Amino acid sequence: MTPFSGPSTPTSWRIALPHTAAAVPVARALVRTALSEIESPAADADTAELLTAELVANAVEHTTGDTPIELVVELLDSGCQVEVHDTDPAPPSDLTNPEDEGPPDPWQEHGRGLLLIRTLSSSCGHRPTDSGKAVWFTLPSTVPAQRPASEA
């Protein structure tokens, strides 16, 4: 994992992952490591791992070629943001504006990843990049808000 934030404590990591299913467990481990390295509960690591796995699995399944997928983890004052970059410029289906299709079919093996991302993240979306697109989600900090000293 390569921090790229500057001379202070690293707050962002960027890594290229293989365009194979093997990228999913690697991405999960990298997110957990990134969140633990700062010794602060920036966000729920279990949820971050799950949603990262969904983004990486979607990038592997829905894009073609051997070009690596890029994982970006950014620690924010308000939590964390995870992005997965791939070479396909087409936006993911129904990430931010799902059609009213009712609940997912419990017998289908696929189709719940974007629902999980929409439901468990504080925000999510996609944006074009020079080489394709980035799909992202944010999670809020798990640190409770500080009460003013006058209330303590």
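Select strands β4 (residues 79–86) and β6 (residues 132–140) to begin: eight bridges join the two, and they run antiparallel. Strands here, like helices, are DSSP runs numbered from the N terminus, with at least two residues (E) for a strand and at least four (H or I) for a helix, and two strands pair if DSSP finds at least two bridges between them. The model is a predicted one, in which local features need pLDDT of at least 70 and side-chain atom pairs count only at pLDDT 80 or more, while totals for chains, interfaces and linings use all residues. Residues are numbered from 1 along each chain as its sequence is written, and side-chain values use heavy atoms, with hydrogens and water left out.

Within this pair of strands, show aspartate 86, whose bridge partner in β6 is lysine 133, and then glutamate 83, whose bridge partner in β6 is tryptophan 136. Eight of the eight residues of β4 are buried, so β4 is largely enclosed by the rest of the structure; buried means under 20% relative accessible area, exposed over 50%, and partly exposed in between, with a 1.4 Å probe and protein chains only. Strand β6 is also largely enclosed by the rest of the structure, because eight of its nine residues are buried.

Strand β5 (residues 123–129) is joined to β6 by seven bridges in an antiparallel arrangement, and the two form a hairpin with two residues between them; here histidine 126 stands opposite valine 135 of β6. For β4, select β3 (69–76), which pairs with β4 in the antiparallel sense over seven bridges and forms a hairpin with β4 that has two residues between the strands. In this pairing, leucine 71 has valine 84 of β4 as its bridge partner.

Now colour the largest nonpolar core, which has 31 residues, and in which Leu17, Leu35, Val56, Leu71, Val84, Ile117 and Phe137 touch the most other members. Such a core is a set of buried Ala, Val, Leu, Ile, Met, Phe, Trp, Tyr and Cys residues joined through side-chain atoms within 4.5 Å. Helix α2 gives the most to this core, with eight residues. Centre on phenylalanine 137, which touches residues including Ala48, Leu51, Leu55, Cys80, Val82 and Ile117, not counting residues up to four places away in sequence; contact means heavy atoms within 4.5 Å.

Turn to the helices: α2 and α3 (residues 113–120) pack at an angle of about 145°, with their axes 9 Å apart. These axes are lines fitted to C-alpha atoms, for helices over the stretch in contact, and angles run from 0 to 180 degrees between N-to-C directions.

Finish on glutamate 54, which lies in helix α2 (residues 45–62) and is partly exposed, with a relative accessible area of 22%. Glutamate 54 touches Gly113, Leu116 and Ile117, not counting residues up to four places away in sequence. Drawing a C-alpha to C-alpha distance from glutamate 54 to isoleucine 117 gives 7.8 Å, for two residues that are 63 residues apart in sequence.
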